[in-house]
Amino acid sequence: MSPSKKIKLEKVRKKLDFLDNKLLKLIKQRTNLVNEVLKLKEYKNQIVDHKRINKILSNIKKKSQKNKIDPRITKRIWINMIRAYIDYEKRNFDKK
């Protein structure tokens, strides 16, 4: 790699790091909202809502296409995020 490409690569990576920090703040906000939702659920079997998951994934696909983002990328991100939060909710569910 040429020295000028290395410099450009470092600049792009710094931008990615900046966005990663913004994403972490958004994830924290999302976690706070998930905690609010979790307090409202009375039974552990209410954690997974397949109808809601399908609606979320459908909306993400539409929005991805509208914004010219590869929907395969966003679907994979959202599926993994949903799974992670389902696991989080199950680990933090206090009721019976």
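R91 and D87 form a salt bridge, with their closest N and O atoms 2.9 Å apart; the term means a side-chain nitrogen of Lys or Arg within 4 Å of a carboxyl oxygen of Asp or Glu. The two residues are 4 residues apart in helix α3, so about one helical turn separates them. R91 is exposed at 56% relative accessibility, whereas D87 is partly exposed at 40%. Buried means under 20% relative accessible area, exposed over 50%, and partly exposed in between (1.4 Å probe, protein chains only).

## Basis of the model

This is a predicted model, in which local features need pLDDT of at least 70 and side-chain atom pairs count only at pLDDT 80 or more, while totals for chains, interfaces and linings use all residues. Residues are numbered from 1 along each chain as its sequence is written, and side-chain values use heavy atoms, with hydrogens and water left out.

## Overall form

The protein chain has 3 helices and 0 strands, in the order α-α-α from the N terminus. Helices (H or I, at least four residues) and strands (E, at least two) are DSSP runs, numbered from the N terminus.

The radius of gyration of the protein chain is 18 Å, whereas a compact globule of 96 residues would have one near 12 Å. This radius is taken over C-alpha atoms, and the globule rule is 2.2 Å times the number of residues to the power 0.38. The C-alpha trace spans about 60 × 25 × 20 Å along its principal axes. Of the 96 residues, 19% are buried.

## Other salt bridges

The count of salt bridges comes to 4. One of them joins E89 and K41, whose closest N and O atoms are 2.9 Å apart. E89 lies in helix α3 (residues 71–92) and K41 in the loop between α1 and α2 (50–66), so the pair ties together parts that are 48 residues apart in sequence. E89 is buried at 8% relative accessibility, and K41 is buried at 14%.

E10 and R13 also form a salt bridge, at 3.8 Å between the closest N and O atoms. E10 is partly exposed at 42%, and R13 is partly exposed at 44%.

## Surface patches

K5, K8, K11 and K15 gather in a surface patch of positive charge. K15 lies in helix α1 (residues 3–40) and is exposed at 61%. L23, L24, L26 and I27 make a nonpolar surface patch of about 380 Å². L24 is also in helix α1 and is exposed at 54%.

Patches are made of residues with over 30% relative accessible area and no salt bridge; like charges are joined within 9 Å, and nonpolar side chains (Val, Leu, Ile, Met, Phe, Trp, Tyr) within 5 Å. Lys and Arg count as positive, and the place of a Lys charge is taken as NZ. Accessible areas come from the Shrake-Rupley method with a 1.4 Å probe; for residues, only the protein chains shown count as cover.
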